[in-house]
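I opened this entry to look up the disulfides and the nonpolar cores. My notes follow.

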Amino acid sequence: MLPRGRPRALGAAALLLLLLLIGFLLFGGDLEYWRPPGAGALDGDPSADRGGHNHSDCVPPPPPLRRCELLHVAIVCAGHNSSRDLVTLVKSVLFYRKNPLHFHLVTDAVARNILEMLFYTWMVPAVRVSFYDAEELKPQVSWIPNKHYSGLYGLMKLVLPAALPPDLARVIVLDTDVTFASDIAELWALFAHFSDEQVIGLVENQSDWYLGNLWRNHRPWPALGRGFNTGVILLRLDRLRQAGWGQMWKLTATRELLTLPATSLADQDIFNAVIKEHPELVQTLPCIWNVQLSDHTLAERCYSEASDLKVIHWNSPKKLRVKNKHVGYFRNLHLTFLGYDGNLLRRELFGCPSPPPSGAEQVQRALAHLDEEDACFEFRQQQLTVHRVHLTFLPHEPPSPRPHDVTLVAQLSMDRLQMLEALCRHWPGPMSLALYLTDAEAQQFLRFVEASAVLSARQNVAYHVVYREGPLYPVNQLRNVALAQSLTPYVFLSDIDFLPAYSLYDYLRASIEQLKLGSERKAALVVPAFETLHYRFRFPSSKAELLALLDSGSLYTFRYHEWPRGHAPTDYARWREAQTPYRVQWAADYEPYVVVPRDCPRYDPRFVGFGWNKVAHIVELDAQEYELLVLPEAFTIHLPHAPSLDISRFRSSPTYRDCLQVLKEEFHQDLSRHYGAAALKYLTALQPPQGPA
């Protein structure tokens, strides 16, 4: 839910104390790191005595910023994994920031799809985001051979002065693998230390890479001394443009590539080659603004206390698995932000009025009109909650276009993760799954998938994380997220605790083609649902085997004992003998699992928690004149599990059931406004249920 303008200062202070305590425990109680007496920032560093730039205790205090000054941050981001890294970086920046921010994101199509939705639903006050198409910038750097794992995207910082708006004079440029431990405004303030000639602010490289002595025949690109690391950069864009930066770096790169086969460290090699030729361009930043954690780092020589640290840079391909004397402390700091609740960062900035994020004002007005004394206040509030959404949380390959392809759509929470492997074995086709998780649970989910040979091998399953907020389960909002992200012409609207027949994916595609759905027929294909009460049972491989299990009492029609009317219109007696699809009529409380076109009506988000969430959707399909066709060879089986919290509340709370009845009546009023007299037939469905619904 959106904040009501209350600051979270206490929570921030508590976390800072926690981080200091972690460091205290890890390092034996005094947080003091050993540094050779009188040593420079790095042994043999010729610049260690130039103004003391690499001594945390000698850095001159930066001048104060103008109150509410807008800070600009540019980041290059491509792909699913890099997008996740960027979110953690942004969390660390937002946690400490006191200024409005404008993020300039150079992205590929995948990252843009993810990050546009994330920032739109995050609704952080005083944050603007602009996107720039990396595809359009590729021709400017594609001629440069590059061995670095970042590929072409690792070269794109070179073209930022031309790519960013011409009236933008200054920008902080960050890699996605950095974590802030301080207010980014302190870094911005270092622009004030630039001389008239200086255009680039960088921290010196904290390894021997550019000294060329790491191994025999090691020949790095030219650099000034140890060179500079480009994970954190201050750019005076106005001066760079005036100096002809575009021509400058291209001439340097062209010349060096006559004798060097490729860049090894992407843009960093070219930045260093330019600085070697034009040392007057660089302002050396204090090393605490880019503490580099590569395998051969000498970073520990540049800080004396944990409180010195400003930015941690995981600049090894090993990332958090890198070996370093103090990596435990750094890792804990990073993991704190990885699992930090991003909802807490929706706080207003003191004394810095800014226009509300897109859509926020409308939601705030609706929230303000709620009556907290209303017995159904929780339901009303949950409907209006704007959940952060992180699409395709894991790498995903979109399915090849096929005219009759089907995506399985479902939603789940942390307590249903164990269903995923079995579901993947039963359904080989594409899936779109919405997961309702906290930030910390999202990281557990990531590790769960990485540890599973079955799940990690599947690239056609799209996992969309909807971040948890509020007391009720937003089941239909989750379904709508998964449905909207389906990429095939048809969708199988299922639930996570059902296993489809092994042959169902192929059978559905064949049925869609044979029945000529879409172009000639508007229909919802019903997949008959069954259930077992046994945690272990032999899954039937055919309809004949299923009927045998049904007759032996090992299987039942779904909810036969609790709520038979939910699936009775499927007409299971007829299905036993059916050889061809047959039509059934809508009836009150009917909630079958169906296959429909991807552009079908969305689920009604007012239904949260338990009750009527699928029923209302089938009503909408019937109102829009979808035929209900039962498939004779299709089936799906529900597996037993512990009751959810919401169904327990439904069963135990009369108020919960009363509120559901109110929502049903409001739903019918909306139907009547939309469909007129045709909605009268659904009045029978509004009677309070005598069972679970």
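Which cysteine does a disulfide join to cysteine 68? I found cysteine 352, at S to S 2.1 Å; a disulfide here is a pair of cysteine sulfur atoms within 2.5 Å.

I note that this is a predicted model, where local features need pLDDT of at least 70, side-chain atom pairs count only at pLDDT 80 or more, and totals for chains, interfaces and linings use all residues. Residues are numbered from 1 along each chain as its sequence is written, and side-chain values use heavy atoms, with hydrogens and water left out.

The torsion about the S-S bond of cysteine 68 and cysteine 352 is about -95°, so I logged the disulfide as left-handed. Cysteine 68 is partly exposed at 25% relative accessibility, whereas cysteine 352 is buried at 6%. Buried means under 20% relative accessible area, exposed over 50%, partly exposed in between (1.4 Å probe, protein chains only).

I searched the whole structure and got 3 disulfides. Another joins cysteine 287 to cysteine 302, at S to S 2.4 Å; with 115° about the S-S bond, this link is right-handed. Cysteine 376 is joined to cysteine 659, and both are buried.

I then looked up the largest nonpolar core, which has 115 residues. A nonpolar core is a set of buried Ala, Val, Leu, Ile, Met, Phe, Trp, Tyr and Cys residues joined through side-chain atoms within 4.5 Å. Phe445 and Phe492 have the most contacts inside this core. I also logged a second, separate core of 58 residues, including Val73 and Phe95.
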